[in-house]
Amino acid sequence: MVTGFRAAMKSSLQAQAQAAFCPEAVEERVIFLLDFDSYFARCMQQAYPPLRDRPVGIRGPARGTMLIAASPEAKKRGIKTGTFVSDALRLCPDIILVSPDMDMYVELCTRALKVLTSFTDKVEPFSIDESFMDVTEIVGKFGDVHMLAQAIKRALREALGETVTTSIGIGPNKMIAKLVSHFHKPDGITHVTAAQVPALLPQIALMDICGIGSRVAKRLAKLGIYTVSQLGRFPRAGLVREFGVLGHLYWLWGQGIDLSPVNPYHGQAAEKSMGHSITLPVSATRREEVDSVLLRLCERVGRRLRRGGYRGRVFHCWVAYAGELGPEEERGRGGRYRLPEASDDSQVLYQAAQRFLPVGQLPHPVIQLHVSVSELGKHPMQLSLTEDLVSKRSLQRALDTINDRYGELTISRAALLGSAQRTPIGDPQNGLRKRYDV
């Protein structure tokens, strides 16, 4: 799904090298770079309303010692990506530390790509929170670039929620669009035309250009090149002798020229299965705790199925035990169960999950749970003479819409309400409690 800079550069290397000999052939385009603001943290704040407007830090896996993301509220307190947890707590004692949820991040990224491709098919994911768009052919339909940018922002807010914001850089090529996307964060729009590029380049550091890292910068320094302007004035032949064919690219970049195309995103392959899993920060020792987590996992899988228009026929579940177990003891329980008919109903999935839990109390504390559904298809809904499935379906859609827009558990089943209200947020050093992590 994500192409990345290196892949994009490789695919367009020949075209850019040819342009080095004929830069006047460069056609001015209108390129957007959409960069989601504090993506991991903002997604968490959107999903869990109690986190909104509060300093949030996303810690690494296995309760890592460094933060991999921070919310804007935390950044205002001097916390950034790579800050040690101990330093974050010193700078901001009230920071809420939570674990990442990669399933959620990928799901929202996929939703965002569906929005972007509804405007144009020339969309290229650059990372999980960045995408390029070539909007040259559609700007006229919206009046100007700013009106188009605002229309895209409105569509993204509708699909992802109000908390997940994006900053947009607009330029005549991908390099300039990415460079200026950070100028007015968060939730800003920065537009630089081709005529304004010469005035912009002296303000740009060499390593601000995506593709020029510390090693390349050191080699350029040996040639007496320390700024983008110096790079553009340096003889092309000298750069080619030092870097080979890449010298042509660096020479172009020094003049603000980037011919790399926006490689269209053609969507993901058809889904073969959908699932969610969780590793609990504290082992669950009571059956009610496991039931609560399983129900939430099934709710999330059901919502994904319904959003994609899928129904699944085979249900999979795995419950992993914690602690030191003897050689003869099971490491967990689980398996697969073929549903009587294809379903996207969260309650049906939850009832299937009960088949894999022991009767009565747990034999061992539980540390990890996983549920998924396979054999997906666009199966039609089978009507029933004894149950009003149409009304039930309408209710499910209403609940999905509310939770998608306002956050996880904004509205939920009564079975979940008590545990969610008692401990929505844990101690700052532990982040969200396991019941709210899902």
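At what angle do the axes of H3 and H6 cross, and within what distance do they come? The answer belongs to a predicted model, in which local features need pLDDT of at least 70, side-chain atom pairs count only at pLDDT 80 or more, and totals for chains, interfaces and linings use all residues. Residues are numbered from 1 along each chain as its sequence is written, and side-chain values use heavy atoms, with hydrogens and water left out.

The axes of H3 and H6, lines fitted to C-alpha atoms over the stretch in contact, with angles running from 0 to 180 degrees between N-to-C directions, come within 10 Å and cross at roughly 95°. H3 is therefore roughly perpendicular to H6, a term that covers angles of 65 to 115 degrees. On the H3 side the contact (heavy atoms within 4.5 Å) is made by Tyr39, Phe40, Cys43, Met44 and Ala47, and on the H6 side by Met102, Met104, Tyr105, Leu108 and Cys109. These residues divide into 10 nonpolar, no polar and no charged, where Ala, Val, Leu, Ile, Met, Phe, Trp, Tyr, Cys and Pro count as nonpolar, Asp, Glu, Lys and Arg as charged, and the others, Gly among them, as polar.

Helices (H or I, at least four residues) and strands (E, at least two) are DSSP runs, numbered from the N terminus. Leaving aside residues up to four places away in sequence, Leu156 touches Leu34, Phe36, Ala112, Val115, Leu116, Gly161 and Thr166.

Elsewhere, helix H14 (residues 246-253) has 7 of its 8 residues buried, so it is largely enclosed by the rest of the structure; Trp251 and Trp253 are among the buried ones. Over the whole protein chain, buried residues make up 51% of the 438 residues.

Definitions and conventions. Parallel < 35°, antiparallel > 145°, perpendicular 65-115°, else oblique. Buried < 20%, exposed > 50% of the residue type's maximum accessible area, 1.4 Å probe, protein only.
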